[in-house]
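Biologist: I have the model open and would like to go through it with you. Could we begin with the contact between the chains?

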Amino acid sequence: MSSVDGSMDVLVDGSADALVEVTDLTVGFGSLRAVDGLSFRLEKGAALGLVGESGSGKSTVASALLGLHRGTGADVGGSVRVAGVDVQEASDADLGRLRGGKAAMVFQDPLSSLDPYYAIGDQIAEVYRVHARVSRRAARARAVEVLDRVGIPDAVRRSRSRPHEFSGGMRQRALIAMALACEPDLLIADEPTTALDVTVQAQILDLLHTLRQETGMGLLLVTHDVGVAAESVDEILVMRHGRAVEHGPVGTVLGAPTARYTQDLLGAVPRVDARRTLSETSTETSSEASSAAPEVVLEATGLRREFGRGKRAFAAVDDVSLTVHRGETLGIVGESGSGKTTLGRMLVGLLKPTAGEIKPGGGVRPDVQMVFQDPVSSLNPRRSVGESIADPLRARGERDEEGIRGRVRELLERVGLEGAHYDRYPHEFSGGQRQRVGIARALAADPRVIVCDEPVSALDVTTQAQVVALLGELQRELGLALVFVAHDLAVVRQVSDRVAVMRRGRIVEQGPADEVYDSPQDPYTKQLLAAVPALDPEVAAQRRAARRELATA
Amino acid sequence: MSGFGGFVLRRGIGTVITLLAISVIVYVVFFVTPGNVAQITCGPRCSPEQVHQVAQQLRLDDPLYLRYWHFLQGILVGQDYSTGTSVEHCSAPCLGLSYQGDQQVTQLILTKLPVSLSLVFGAMVLWLILGVGTGVLSAWRRGRFTERLLTGITLAGVATPVFVIGLVLMIVVCGQLQLLPFPQYVSLTDDPEQWAWNLLLPWLSLALIEAAAFARLTRASMLETLAEDHIRTFRAYGVGERSIIGRHALRGAFAPIIALNANNVGSAVGGAVLTETLFGLPGIGQELVHAVNVVDLPVVVGMVLVVGFFVVIANAVADVLYAVADRRVVLV
């Protein structure tokens, strides 16, 4: 256990002093009950993680702590006390003092959570002046101070920047700085690292940890990522359908979960240190294939893609060569801006390479299809899913309406949906189902290779596991080759036979998945792997220490 | 080329090309329009000989490209015109002579333009204050009676023609109450006070109509901004509603307001015909309509070019304001 917990023991008995006390909280939006009879306590200086999948009501709880539902028409019942303030009964003025002054919130998406029109320092100063009677100049100085505190280099100058001039990690730091400005007793962090790269995520979690040690503030961390919670909190509360499923110390809940749902949830979380389990069945086929020299279905050599012209030209992908064999999965991992999506698009033919060439194996042009990241925006909302799936068939020149309908039905059933779903529209499906539609559309053209660009990153872990399983199944049955592009190292390990690690447009390391993960050679790969949150709190503490060494070394 | 200088240069070149294209289009349109220009210009009682003479004088028998060439020549180096009895010189930016009354188009524009600009810019100030103010008020009191009332009023404003509002204003203010004399144009340089008093009603009637659109736009984009995540951030930090509305939500409405304003200013320079006619203001719009009716090609081309110039300039200014209002915008 970390040193922050020391103070907790003293305060455990002083029940009147609880930082947060939620009793029988219900929040309803019309007929929907987002939170349904939830109770929990958070002692001063302690850290609690609210973990759950989308729709579990965890963010609604976070908003309720600050009374953000007031005036929105939401139906709030039960009682919420935060830092001695009864959030339900408090006057608007008292609530205003609570918000930011005693309990500060850090939101998920750091780009949209800051006003794009004002300098970051001014926004922090504005918030500070709501709670402290100080001059503009003093508030500005305070803003610089907290920005410096959260590790923004050259804080005086950078405090004059607008949010778009900051990177994602720096924006998240700026939001944390805003939270720190008024020295709150409680920090509520709603998915604070979800939009960030894994190495940046590790930095932010480490920062939160250090700040908590130094200021002694309490933390309520809302996250869908069990690993992130394991890294940062003492206690975990698992939520589902607005209710608490399991609540206890982090080691117990993650180490020996008692609730069925928690067990399923943890089972679905891909582990970066676990070897591929799916491959048991596929090893037979791949060993068969390897004895007969696996057929190359796609080969790229010296790929390069530039964007912009003249002085502003920059290479998103630079000198990348790879081969994809029949029936195998090539995982491509990298952080945002590493060029992995550009590479994927070139492989499908959506982008023309500036240099280099893409050859189909065996002289035949391979049919390469794509599955996109966001199943919401990659389907036309005004057309039925059947029509969307039929597009590749029509594009190929098929005109027999009966035949097309039949084939689409077959595809829908193939990906685990019903043939009768042909005439439904995308909004009638869940995220996982929409991604299945996306996969069916990719299959429609009988491809030999499917490039999946972050196919599961928008999905909950249990849905993620189902979609990954579906892809594995299709691969075995149809002998498909998959190129799996993702930022999530654990997911990539779970699905890949071979892995390529990308950074700044180049492949820094490439090889069989187990080799790359178990004994990484490139320092960047090592850094990436060290940043992945561990599910075991003790391992997490070790990793944190290791990161500190890596950073100081 | 980069930076502000580059932007000005690129826009300058763009403006010239746009204006050339406009002038070509107007020439071609007039060329293919049916009707005997010489007959119309000369008047219904002219004999065929007189009509023929007019046609020769106006070079109506020249082929299109030659007439257009003369027009360009006039702009660049000036032009000499014979009026039958004497030769008149029209110096460098010469847009030709009016077919009616032999007046130089450049002179004509210089007398009409101040009237139109006075009307438009005065009205602009009013419509921005009234429109944006109403919009902010309805965004602030959203969902309440005030908002519904304001929405109703602005809807009525959008739906009412300018001559109705103008006429009512004039009858009530000048006729019934006799607060103001019936408006007549007084030049700003002659008497600034009289200029303002006489233009008050025209400004008001033009502004009321336009303000309605601004109110609706301001309200809509503020409500859009209010639904965004960064507003939630400031709410969660206890920032008051006044600050959220006036500082954060209004800022998000700047870009669409600037765009709409540029559009309206540009088109009102030549398009406020109804207001000009109603209040007897001798502006560009009125003159343009008259010139079209009598097929007075040089006047039409000149006026259209002036209007086009203002539309282009208004949009360029809008682009600069965009970049000032939102640092993410880069001028190209």
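Modeller: This is a predicted model. In it, the contact takes 24 residues from chain A and 15 residues from chain B.

Biologist: Which elements give two or more residues to the side of chain B that touches chain A?

Modeller: They are α9 (229–236) and α10 (241–271) of chain B. On that side of chain B, α9(B) gives the most, with 5 residues.

Biologist: And what is the make-up of that side by class?

Modeller: The side of chain B that touches chain A has 7 charged, 5 polar and 3 nonpolar residues.

Biologist: Staying in chain B, how do α5(B) and α13(B) cross?

Modeller: Helix α5 (residues 105–140) of chain B and helix α13 (residues 297–325) of chain B have axes that come within 10 Å and cross at roughly 50°. The two helices are therefore oblique to each other.

Biologist: Is that crossing left-handed or right-handed?

Modeller: The crossing of α5(B) and α13(B) is right-handed.

Biologist: Which residues meet there?

Modeller: From α5(B), the residues are Val105(B), Leu108(B), Ile109(B) and Leu113(B). They meet Pro298(B), Val299(B), Gly302(B), Met303(B) and Val306(B) in α13(B). By class, this contact has 8 nonpolar residues, 1 polar residue and no charged residues.

Biologist: Let us turn to chain A. How many helices and strands does it have?

Modeller: Chain A has 21 helices and 19 strands. Its radius of gyration is 25 Å, close to the 24 Å that the globule rule gives for 553 residues, so chain A is as compact as a globular protein of that length. The C-alpha trace of chain A spans about 75 × 55 × 45 Å along its principal axes.

Biologist: What is the strand order in the sheet of 6 strands?

Modeller: The order is β15-β16-β17-β13-β18-β19 in chain A, and the sheet is open with mixed pairing.

Biologist: Which strands stand at the edges?

Modeller: Those are β15 (368–371) and β19 (506–512) of chain A. Each has a single partner strand, so one side of each is left without a neighbour in the sheet. From one strand to the next, the twist averages 20°.

Biologist: In what sense does β15(A) pair with β16(A)?

Modeller: β15(A) and strand β16 (residues 449–453) of chain A pair in the parallel sense, over 4 bridges. Within that pairing, Val371(A) has Cys452(A) in β16(A) as its bridge partner.

Biologist: And the sheet of 3 strands: what is its order?

Modeller: This open sheet of chain A has the order β12-β11-β14, with antiparallel pairing. Its edge strands, β12 (314–325) and β14 (355–360) of chain A, each pair on one side only. Here the twist averages 10° from one strand to the next.

Biologist: How many bridges join β11(A) to β14(A)?

Modeller: Strand β11 (residues 296–307) of chain A is joined to β14(A) by 5 bridges, and the two run antiparallel. Glu299(A) stands opposite Lys359(A) in β14(A).

Biologist: Which helix packs on that sheet?

Modeller: Helix α13 (residues 340–348) of chain A packs on the sheet and touches β11, β12 and β14 of chain A. The direction of α13(A) makes about 125° with that of β11(A).

Biologist: One last topic: what do β1(A) and β2(A) form?

Modeller: They form a hairpin with 2 residues between the strands. Strand β1 (residues 20–29) of chain A and strand β2 (residues 32–42) of chain A pair in the antiparallel sense over 8 bridges, and Glu21(A) stands opposite Arg41(A) in β2(A). In the turn, Gly30(A) has a positive phi of about 65°.

Methods: Residues are numbered from 1 along each chain as its sequence is written. Chains are lettered from A and ligands numbered from 1 in the order in which they are written. This is a predicted model: local features need pLDDT of at least 70, side-chain atom pairs count only at pLDDT 80 or more; totals for chains, interfaces and linings use all residues. Axes are lines fitted to C-alpha atoms, for helices over the stretch in contact, and angles run from 0 to 180 degrees between N-to-C directions. Angles under 35 degrees count as roughly parallel, over 145 as roughly antiparallel, 65 to 115 as roughly perpendicular and the rest as oblique. A crossing is left-handed if the near helix is turned anticlockwise from the far one by less than a right angle, and right-handed if clockwise. Two residues are in contact if their C-beta atoms, placed from the backbone, lie within 7 Å. Ala, Val, Leu, Ile, Met, Phe, Trp, Tyr, Cys and Pro count as nonpolar, Asp, Glu, Lys and Arg as charged, and the others, Gly among them, as polar. Two strands pair if DSSP finds at least two bridges between them. The radius of gyration is taken over C-alpha atoms; the globule rule is 2.2 Å times the number of residues to the power 0.38.
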